[in-house]
Every structure is written in structure tokens, then in C-alpha cells.
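The sequence and structure come first, and the description follows.

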Amino acid sequence: MTLTAALAAPPPVALPAHPGPDPARAAAEATAAVLADFTGGRHRGVIVDSPPGAGKSTLVVTAARAIADAGEPLMIVAQTNEQVDDLIVRIAAADPRIAVGRLSARGHTPSPRVAALDGVTVAHAVDDLAGCAIVIGTADKWAYTKAARFPWAIVDEAYQMRSDKLLPIATLFDRALFVGDPGQLDPFSTVGVDRWAGLSWDPMQSAVAVLARHNPDLPVHRLPVSWRLPASAAPLVSQAFYPDTPFRSGTAAGDRRLELAAGCADAVDRTLDEAAGSGWALHELPARHTVRTDAEAVRACARLAARLLARRPVAYDEHGSHPVGPDRIAIGCAHKDQVAAIRAACAAEGVPDGVTVDTANRLQGREYDVTIVLHPLSGRRDATAFHLEAGRLCVLTSRHRHACVVVARAGIPELLDAHPSTGGVHLGVPVKFPDGWEANHAVLDHLARHRVPAVPDGPGR
């Protein structure tokens, strides 16, 4: 079968009789357009902008299966080992017949979920994976592969990839599909990078930014529907973080609901009731300047998680219903020391094992039913570029399928007004949009309608 024939008929999607604003139709048409451009031979690269939960991984798997079915070799580049394993599991679940190779470092021990798959071969050299239809590895590992050449490549999470990581692997493929989320966190470095600011090849730009800058004729597609975010969340996330590439929810109001067992009248239960009813809640502590590991805010996050599980939540959605267990709940924050403090507080509150507690960087790309967020600006005296970064707040507020609870001290809008964006301006550097200052205000304006005042460490806590 030729590649053109394999892609001629995309996977069937249930569509209405007449065209319209149906999300399944919009998503299917966007996917078909991406695959047509990718395989049409007119361009060496195709860029796909994907909002949170828009089916980015599904698109990668669909394209990978089509190329494998056509009998043509494919390399896939991911940014972390966890992302590599995620893709391997997804491809194996979609079609167990496909031989998949995992390109790994010498001495790498496969994760249990990869080791359990029969059709996956793990090796540290591409030559040892010659019989595999698809070879998947991190950008760092591919950089040490010099002799291989593939007609097709897919770069996943391309906006997380620094441009200097694309350069050493660009000679390994003829055509590539670059898929990623432009609203998430940008690549970062722990060393000073001002010396490269403004240069067209600045290594701290994302691979997509440099690629588009040097190849302005490359087609750019966007996935228009988020299947993760509910109807209560997609409009806010789209407006605040994706003003130039708006998207909609794949579900309508009322398609999802979160039911909780009866609670009491304290602030924690009222916050959970608000989140279950509207999809959002702001658990607002009194205004105060605090250290980064604010003990009251940390305890509030842990108590919210403990009480949520105690009220035996059940989620209802387009797929049916299921109890929301610890593995479907996440607590997100900005710093590793906050993660450690929240984990300790969760243990003290008796929160069961399985609840994810991590930074925005580590939560990127993951999905839960309910998320609890410690606002990056809560209790701060200043608003630094790190805490104002739109991508960080975007990640934290876009991981949920049903509800998001934000824990914050009062006074953040005033803090923002006292610290407008004052970052340095460099000639030749594209303006980052949306601005973190504006994005924070947009989110806080919305959360003000779902505010529940909290009295810490008292009977109304």
C-alpha cells in the first residue's frame, strides 16, 4: 500500500448529516488537512499548533500508523523519556502489530509499561532496530545517531524543544511533522542566555520558532477542539492564553458533571461544592506576604485533596461515569520546594498515595479529572518574569477534565498592578503574546466569580 492510499481515508468519525459547528467534524477536517500537507511532498516540514487536550497524541499516532502501514520507516522525536514511553504505549494500543523500536541510552532499563509490550524492541543503536517500522527516542539520544536516514519524522512536543536540539538531528530525515502546544512553557535554561537574545538562531527559542523564522512558507495548522477541557474551562483558557488561535471544547455545558457526597458548611467543602457545580473555585486565603512554602496555603491544598476524596467524587462524562480516585487528582505549583511541602502536608492529612503533586513543568502534557493549583503569585511581594510567565499558569489551569480549584492569597490583582511587565526589550526578538500580566488578570477576573473566602487554621477553614 502506498502512503497516499493509506492516508486517503482517515479513520471514521461519527459526523452529523449536515456540516456545522460540530466539534468532531472540525477535528476530523483539521486532521485530514494536516496529513494531506505532511504527505503531499510540497514542504519539508509541517507545523501543528495544538491547544491543551486537542488530540495531539492521537494525531501523532494516526500519522505514525499510516506511514507504518505504507511500509516506510519513521523516526519519532520526543523530549523526555516519559513522553517516549507514552507514545510507545499509545501506538502499541492502537495497533499491536506494528514493530516499535525504543532508542535508548546504553544500560537503559525499560519502564514496566514498555517492558510488558511484546512488539517493542529496546536498543541503544539504530542498527539494532532495523526491523522496526517506527523508532522512537528523545532528541538528546537522536543527536548521537549520525549514520541513519529516515524519509519521515515526527517531532512531538516541538514547542518544548530548544532550537539547538533540532540542529544536530535535522539531517536524519527528509520531511517532518512538528506537533506541539504554543501556549505551554517555553524551553528554559539554568544559565544566562542574554548573549544570544535577538539572534535568529537563538538556541533558547523553541525549535518551532526558529524553524518558522527561517522557513516562513511552511504550512501551519491548528487543532480547533479541546477534548480535555470542559465547556466551563475552554472559553477562559482560549481567551487568556490562545487569543490568536482560539479553540472550543469538544463537549457542551451539561455533558460533564462532578458529584460529591454531602459535606459540611466550612470553607473547604464550600470550595469543593463551587468547583463541582461550576468547574472553577478560588479558595482565597487572607492577604499576606509569605515565604514561598506558605504553610497555610500548603495545608489548604492538602486539606482540599483529602476532603475531596473523603466525599467520594464520581465523574460523569461522554464516556459514562467513574469514581475519581487518587490517580485522577493532581496538585500543581511553581517550585520544587513547594512540591515537597505539599507532599508532606498530604501525608499529615492522610491523603492516599496516588495523588500527583508536582510542578507545572512536570505536569505539562498530563490530564486529570480534578486539579488543585497553588497560584504562582500567592503571597509574593513581587511579580518576577518566572512567576508571570503565561505558559506556567496555562499548564496549571488546563490539566483538568471536570474542575480546577485555585488556592491563593488575596491581593494578587493589586500585586499585578504594582508590578507591570518590565522585562528587557531586545531587537529582533518576537514579542511574547499573550503577556503574562494580561493572562493572569483574565484568569483572576474569572475566578473572582467563584471565590470562597477561607479562614485558615480555624473552624471555618
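Helix 9 and helix 17 are roughly antiparallel to each other, because their angle is over 145 degrees. Helices here are DSSP runs of H or I with at least four residues, and strands are runs of E with at least two, both numbered from the N terminus. This is a predicted model, in which local features need pLDDT of at least 70 and side-chain atom pairs count only at pLDDT 80 or more, while totals for chains, interfaces and linings use all residues. Residues are numbered from 1 along each chain as its sequence is written, and side-chain values use heavy atoms, with hydrogens and water left out.

Two packed helices are described by the angle between their axes and the distance between the axes. Axes are lines fitted to C-alpha atoms, for helices over the stretch in contact, and angles run from 0 to 180 degrees between N-to-C directions. The table lists two pairs.

| Pair | Angle | Axis distance |
|---|---|---|
| Helix 9 (residues 234-241) and helix 17 (residues 436-447) | about 155 degrees | 8 Å |
| Helix 2 (residues 23-39) and helix 3 (residues 56-69) | roughly 45 degrees | within 11 Å |

By class, the contact of helix 9 with helix 17 has six nonpolar residues, one polar and no charged ones. Nonpolar covers Ala, Val, Leu, Ile, Met, Phe, Trp, Tyr, Cys and Pro; charged covers Asp, Glu, Lys and Arg; the others, Gly among them, are polar.

Histidine 446 lies in helix 17. This histidine 446 counts as buried because its relative accessibility is 12%, buried meaning under 20% relative accessible area (1.4 Å probe, protein chains only). Apart from neighbours within four places in sequence, histidine 446 is in contact with Leu236 and Trp280.

Helix 2 and helix 3 are oblique to each other. Helix 2 also passes helix 3 in a right-handed crossing. On helix 2 the contact is made by Thr31, Val34, Leu35 and Phe38, and on helix 3 by Leu59, Thr62, Ala63 and Ile67. The contact of helix 2 with helix 3 has six nonpolar, two polar and no charged residues.

In helix 8 (residues 207-214), the residues Ala207, Val208, Val210 and Leu211 are buried. These buried residues pack against strand 1 (45-49), helix 7 (163-166) and strand 7 (173-180).

Definitions and conventions: Angles under 35 degrees count as roughly parallel, over 145 as roughly antiparallel, 65 to 115 as roughly perpendicular and the rest as oblique. A crossing is left-handed if the near helix is turned anticlockwise from the far one by less than a right angle, and right-handed if clockwise. Contact means heavy atoms within 4.5 Å. Buried means under 20% relative accessible area, exposed over 50%, partly exposed in between (1.4 Å probe, protein chains only).
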